[in-house]
Amino acid sequence: MVQLRNLLAILAAAGLLVACGSSDKSYFETEGLRAPEGSCSVKPSRIGQASKIDNIDEGNGCEVRNAWSIQSIGPVAFSQPATVNCGMAEPLREWMEGTVQPSAQRSFGERVVSVDVAASYACRPRNNVRGAKMSEHGYGNAIDIAAFTLESGRKVTVLEGWRGASSERNFLRTVHDNACGEFHTVLGPNSDSSHRDHLHLDLQNRKSGNSYCR
Ligand SMILES: [Zn+2]
């Protein structure tokens with residue numbers, strides 16, 4: 001791992017490492033961070049509609065070992081299947097059950113039935129910025145959620161709800177803030193303009209062990 005990291009750093013410094021998934025060629029260095037292997041022992045069927053899929057390795061640092069495709073977490077459907085490292089599954093389930101549903105009951109008196117998944121696995125540097133470090137999306141360690149749909153059909157979007165009605169503001173801030181317990185990085189509209197319309201949740205393993213939530 002250390003040798004791979006050094007090699008990637010050297011390649012990145014030499015400008016030889018090209019990120020995929022971007023029309024503008026980008027260079028990135030990777031910290032080689034992945035969800036812990038031991039976090040993948042849960043069965044997909046315990047999570048919802050989920051299944052193991054082939055491992056992903058694009059040969060440039062973008063890689064998902066123990067890749068899963070998740071279409072729902074319990075009763076909450078995803079707008080599109082999310083490709084993630086299996087280590088993301090259990091934190092997502094705990095966040096949905098422990099925070100999202102109770103918060104929706106408190107704010108709206110109803111349950112969340114689906115979420116809009118804006119992105120999951122994607123081979124790209126952070127915020128699509130050339131020269132930035134590789135995004136955790138490149139390891140399948142991240143998911144972007146743009147909206148929550150309630151039983152009644154009402155859709156609460158991050159873009160409008162973050163500064164919208166007080167019930168939506170309270171709900172979105174609560175699910176954002178409490179995600180910080182399950183995930184290591186949580187970014188929303190208060191972090192920067194590229195997160196104005198979604199919540200980014202990831203499991204980046206920092207050497208410090210600290211979380212970063214804004
Ligand atoms: Zn993201």
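1. Ground rules. Residues are numbered from 1 along each chain as its sequence is written, and side-chain values use heavy atoms, with hydrogens and water left out. As this is a predicted model, local features need pLDDT of at least 70 and side-chain atom pairs count only at pLDDT 80 or more, while totals for chains, interfaces and linings use all residues.

2. The zinc ion. Three residues coordinate the zinc ion at 2.0 Å: His137 through NE2, Asp144 through OD and His200 through ND1. Donors here are N, O and S atoms within 2.8 Å of the metal (3.2 Å for Na, K and Ca); water is not among the atoms, so sites may look incomplete. Along the sequence, the donor spacing reads H-x6-D-x55-H. Asp144 sits in strand β7 (residues 142–150) and His200 in strand β10 (residues 199–202), 56 residues apart, so this pair links distant parts of the chain. Strands are DSSP runs of E, at least two residues, and helices are runs of H or I, at least four, numbered from the N terminus.

3. Burial at the site. Asp144 is buried, at 5% relative accessible area, and His200 is buried too, at 7%. Buried means under 20%, exposed over 50%, and partly exposed in between (1.4 Å probe, protein chains only).

4. Thr174. This residue belongs to helix α5 (residues 166–182) and is partly exposed, at 26% relative accessibility. Beyond its neighbours within four places in sequence, Thr174 is in contact (heavy atoms within 4.5 Å) with Thr99, Ser103 and Arg106. Ala104 is 70 residues from Thr174 in sequence, with 9.7 Å between their C-alpha atoms.
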